[in-house]
Amino acid sequence: MGDMTAFHDEISGWAAGGSGDTARDLATSLELRTAVLLEGPSDLAAVETLAARRGRDLAAEGVCVVSMGGAMNVARYASLLGPPGLGLRLTGLCDAREQPYYDRGLRRADASPEDVFVCTADLEDELIRTLGPPTVEEIIRVEGDLRPWQTFLHQPAQHGRPRHQQLRRFLGTKKGRKIRYGTLLVEALDPTRPPAPLDDLLGSL
């Protein structure tokens with residue numbers, strides 16, 4: 001785990017314009033074969049949580065899961081981790097509206113966009129639909145967020161909106177909430193029946 005953390009740090013530094021020498025050495029020592037490109041930390045939390053629930057150690061399998069800080073960074077990360085750089089197989093998970101960034105970025109890196117799995121809106125929406133709004137609301141209650149949730153529902157902009165849309169918006173209203181609930185919602189899933197994009201991603205690794 002320590003070496004993988006160091007690898008993530010080196011990749012972030014390399015993407016920011018630093019040298020990739022240490023990243024190359026770590027990729028070799030970790031025997032990496034695949035990089036999973038994710039938009040942000042909430043997606044990272046969900047992927048790693050589901051993998052752990054299925055008894056998988058992705059790092060030991062030669063898989064690095066990378067939070068890129070936004071889909072607009074995919075071309076840069078693909079060039080560093082894919083065929084032009086470390087030569088790793090590239091895959092990923094993205095929102096439908098961000099798919100064009102992945103398509104262009106992976107093609108530029110001579111990688112296949114077909115290896116990216118697409119959520120209809122975003123991963124939180126997929127998780128809410130799979131669990132059902134009542135289950136998600138119960139998780140919110142158990143986590144002590146019932147009062148802010150009820151306050152949120154009284155906002156005029158939320159009146160008349162479908163419950164799953166309200167829940168999706170609520171998860172993004174406070175810094176760190178999407179990351180925390182990315183883990184909690186995956187922990188509440190039947191691990192054999194997650195949302196299709198997440199299931200397909202794990203199945204491809």
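Select strand E1, residues 34–38, and show its side chains. Thr34, Val36 and Leu38 point one way, while Ala35 and Leu37 point the other way. In a regular strand, side chains alternate between the two faces of the sheet. Five of the five residues of E1 are buried, where buried means under 20% relative accessible area with a 1.4 Å probe, protein chains only. Strands (E, at least two residues) and helices (H or I, at least four) are DSSP runs, numbered from the N terminus.

The model is predicted: local features need pLDDT of at least 70, side-chain atom pairs count only at pLDDT 80 or more, and totals for chains, interfaces and linings use all residues. Residues are numbered from 1 along each chain as its sequence is written, and side-chain values use heavy atoms, leaving out hydrogens and water.

Next, select E2 (63–67). Five bridges join E1 to E2 in parallel; two strands pair if DSSP finds at least two bridges between them. Thr34 has Val63 as its bridge partner in E2.

Now select E3, residues 89–95. Five bridges join E3 to E1, again in parallel, and Arg89 of E3 stands opposite Thr34.

Finally, display the whole open sheet, whose order is E2-E1-E3-E4. E2 and E4 (116–119) stand at the edges, each with a single partner strand, so one side of each has no neighbour in the sheet.

Note on methods: Contact = heavy atoms within 4.5 Å. Axes fitted to C-alpha atoms, helices over the stretch in contact; angles between N-to-C directions. Buried < 20%, exposed > 50% of the residue type's maximum accessible area, 1.4 Å probe, protein only.
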